[in-house]
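Work through these exercises with the sequence and the 3D view open. Try each task before you read its solution.

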Amino acid sequence: MRIGVFICHCGKNIAGVLDIKRLVEEAAKLKDVAYATDYVYLCSEPGQKEIQQKIKELELTHVVIAACSPKMHATTFARAVEEVGLNPYLLEIANIREQCSWVHHDAPEEATEKALEIIRAAVAKVSLAKPLAPITVPLTRKVLVIGGGIAGIQAALDIANGGFEVYLVERSPSLGGHMAQLSETFPTLDCSSCILTPRMVEVARHPNIHLFTYAEVKNVEGIVGQYKVTIEQKPRYVDPDKCTGCGDCAEACPVIVPNEFDQGLGARKAVYVPFPQAVPLVYTIDLEHCLNTKRLIVCEQCYHACGPKAINYLMEPKEIEIEVGAIVLATGYDLLPLEALKEYGGGIYPDVLSGLEFERLLSASGPTGGIVRRPSDGKIPKRVVFIQCAGSRDPEHGCPYCSKICCMYTAKHALLYKHAVPDGEAYVFYIDVRAAGKRYEEFVQRVMEEERIVYLRGKVSKVFQRKDKLVVWGVDTLSGMAVEIEADMVVLATAIVPSKNTADLAKLLKAPIDEFGFLNEVHPKLRPVESSAMGIYLAGAAQAPKDIPDTVSQASAAASKVLGLFSQEELSLEPIKAEVNLENCDGCAYCVDVCPFDAITLVVEEDGHKHVEVKKALCQGCGCCMATCPKEGINVAGFTLNQLKAQIHALLKEDEDD
Amino acid sequence: METISTNKEKRSTKLRLVLKKQEDWLKKVEEISGQNVFACYQCGKCSAGCPMSAEMDLLPNQVIRLLQLGAVEPLLNCRTIWLCASCFTCTARCPKGVSLTRLMEGVRLAIFRTRKSDEISPKEMVKETLPQIALIGALRKLTA
Ligand SMILES: Cc1cc2nc3c(=O)[nH]c(=O)nc-3n(C[C@H](O)[C@H](O)[C@H](O)COP(=O)(O)OP(=O)(O)OC[C@H]3O[C@@H](n4cnc5c(N)ncnc54)[C@H](O)[C@@H]3O)c2cc1C
Ligand code: SF4
Ligand code: SF4
């Protein structure tokens, strides 16, 4: 065995604290170390060349690189040693930067001693390392997209156009998500549904896309490359194959309820489509409001009205099992409920609205036909106050983050309101106007300048009723004056929060979420569309609040990641997997329960002999089994008990000698 | 103007500026000056460079702010608009191309027109020994 130790200066990051010369001298004395040296930047081209040359020249069999965290450059160095024929699993990284020089810059001597211990432990560990080869597992080249908003639509279309099959699952009866509810979109003011509906239709018609609306993902098992997914198709009580979308049933239905699509500002029947351009254009009976129950049929109005006899009150939920290799999460957002903002009259006064409610009032296909009317009395409001950051940037309301889109949509709202009610007055309360996007700032300036909207810098303290007016008490910190506005309507730009049940879905998929419940990316800058659960990708507002251009970009990025994954026939996985030592394992099966990935099963041979077996594809190499086994019967390759023991002994050596 | 409730008597009871559309007065100032007050985004660069700002009770950018809010009362009572030297420094520097100099003039003229009187009496002024340029400047700025 000929171990080479390479110690990196990392400029002054390491060499500015540690005594490199001493480290080299001491490392050279360690058992089995054939060569030790240092270099200013090992990760640089010449640094890597130096390592490669020494491996060849001195016939090194194992390598220790003492440098930064393996998270930074483990791959760089693994590739470098592999290029000269050394198995990359015979390389060990000793982290003497993050775990030593950076944290102990005030005690250089002790730090040098600690670095030496870290290097010694790495040498001990690598001396027991075995060459490993990546394992290959089958790859099902189909994808599941969860959420049929613009994010899910875009990702599904991109992947389907790339030639792979897509299962798109949407919870509500139609595709479209929140974008379908919007009137016009900033900064170009194009009609939202005009640009969205062609995409929805394309999804429905695409030969590679299997669309499941009014459906939910019930269970997911397996790992990247081979997920087994159970989709639950909720019963619509209308046969989608027979329904022509004529609407005769809704005409006949006697039950009127608030329409969720209109944020409750408009009405629908108990048998309904959420909006006329819905995809698929199939009616759904909402059994919660239908006069019939599962056991008792008291009304058959729609049944008789339906020409093609599509109504079936006895429809049952269906379960569909599919297999996919990757999953895109595009579950979108909800708004912080108005009720959370009582000081602004949220949930108390009917004329205090959310941004989405205001979108519906502005929409030509909305409940008021695009005429802005107050919900309380139907009057056209002549003075409207918009309150930005309602709940956002407000740790006390649990949302310290900026919701990112409301500055822009509030400017849009003020403009559209002025166009709808030219003699009306609009006031906007803001903390800062955040308009960072292509042509966004210009849009906001145009709204202020041309529409003469009064922007008031400050937060509103409270909103209360005086006769038929809503009195807004706020401040303008620019002039230093407290202000009062007697408004007819107040629109709150409520904070964006993750959509309902995101946390449950994330748990099912073992995909981490952040402290606010948004899906977490692996790396905020360099890997923004991947979940740390392998094979799971993120798109749209489910990851963080974002507008349509950003949502579409991220969805396409997630799609390209999936297409990249699917460019291989089989999936190659890291060989850091649990291996059973049949000599020691007696089948006690303690490890079966602790494995978080259900990768271990108990096998009973015909002769009654018992032992466990590991499904390599499922194993994530976490080591819970190894820590649990009382008999050293299971080991994670690359991190075997022997290796870890050697590492610990090396670390404790000084103390033993004392 | 009639809708503003920040006059002195009311202020003592009500500390809030009641915001409503104040088009009449503002329109007049904008018409005289040819400026759109809503083009100003309150960056304050005008105030940062104004040579007279040390003497002023309202900063130049606050003059525009009050116009945007329709808060006429504090404007009528301020010294700033009269101290403005009409030097055009703010106009030259404004990133949005707003001519605050012209707006200041607009406010002064709007006041003269409502009051129907001059700020100074030319008869008294000529008695003082002032450089001719100051005399002409003062007469131009402080009389209708
Ligand atoms: C008032 C307002 C105005 C706006 N105006 C603009 C604008 O003018 N311009 C602009 O660019 N952006 C605007 N936006 C932002 C825009 O709405 C979002 O960028 C966009 O909708 C995000 O799309 P998404 O697909 O990520 O999420 P969503 O639109 O929320 O779609 C998510 C979809 O996933 C479904 N879903 C959720 N959970 C599940 C589950 N567990 N299983 C299956 N399906 C599920 C939902 O039913 C929904 O259909 C506005 C937002 C608001 C609130
Ligand atoms: S986008 Fe604007 S309004 Fe919305 S939270 Fe951020 S700063 Fe506040
Ligand atoms: S410099 Fe121009 S934009 Fe800035 S505050 Fe003064 S007038 Fe307004």
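**Exercise 1.** In which loop does A:Pro187 lie?

*Solution.* Find strand E8 (184-185) of chain A. Then find strand E9 (190-191) of chain A. A:Pro187 sits in the loop between E8 and E9. Strands (E, at least two residues) and helices (H or I, at least four) are DSSP runs, numbered from the N terminus. A:Phe186 and A:Pro187 are joined by a cis peptide bond, with omega about -10 degrees.

A note on the model: it is predicted, so local features need pLDDT of at least 70 and side-chain atom pairs count only at pLDDT 80 or more, while totals for chains, interfaces and linings use all residues. Residues are numbered from 1 along each chain as its sequence is written, chains are lettered from A and ligands numbered from 1 in the order in which they are written, and side-chain values use heavy atoms, without hydrogens and water.

**Exercise 2.** Which residue does a cis peptide bond join to A:Val279?

*Solution.* The partner is A:Pro280, and omega is about 0 degrees. A:Pro280 belongs to the loop between strand E15 (271-272) and strand E16 (284-285) of chain A. Most peptide bonds are trans.

**Exercise 3.** Which polar contacts does ligand 1 make with A:Ala151, A:His178 and A:Phe186?

*Solution.* A polar contact is a pair of N or O atoms within 3.5 Å; within protein, one must be able to donate a hydrogen and the other to accept it, and residues adjacent in sequence count only if both atoms are side-chain atoms.
- A:Ala151: a polar backbone atom lies 3.0 Å from an oxygen atom of ligand 1.
- A:His178: a side-chain N or O atom is 2.7 Å from an oxygen atom of the ligand.
- A:Phe186: a backbone N or O atom is 2.9 Å from an oxygen atom of the ligand.

Next, check the cover. Ligand 1 alone exposes 1,000 Å², and the protein buries 96% of that. These accessible areas come from the Shrake-Rupley method with a 1.4 Å probe; for residues, only the protein chains shown count as cover.

**Exercise 4.** Why does ligand 1 lie between domain 2 and domain 3 of chain A?

*Solution.* Start with the bounds, which come from an automatic or database domain assignment. Domain 2 covers 142-234 + 317-332 + 499-565, and domain 3 covers 334-497. Both give residues to the shell around ligand 1, so the ligand lies between them. The shell residues divide into 17 nonpolar, 12 polar and 7 charged. Here Ala, Val, Leu, Ile, Met, Phe, Trp, Tyr, Cys and Pro count as nonpolar, Asp, Glu, Lys and Arg as charged, and the others, Gly among them, as polar.

**Exercise 5.** Which elements each supply at least two residues of the shell around ligand 2?

*Solution.* They are strand E21 (383-390) and H12 of chain A. The residues around this ligand include A:Cys389, A:Arg393, A:Cys406 and A:Cys407. A residue is near a molecule if one of its heavy atoms lies within 4 Å of it. Now pick out A:Arg393, in the loop between E21 and H12. This residue is not a glycine, yet its phi is positive, about 50 degrees.

**Exercise 6.** How many residues does each chain give to the contact between chain A and chain B?

*Solution.* Chain B gives 24 residues and chain A gives 24 residues. Contact means heavy atoms within 4.5 Å. About 2,100 Å² is buried between the chains, 53% of it from carbon and sulfur atoms. B:Arg16, B:Leu19 and B:Phe38 supply 33% of the area that chain B buries against chain A, more than any other three residues. Buried area is the accessible area (1.4 Å probe) that two parts lose on being put together, summed over both.
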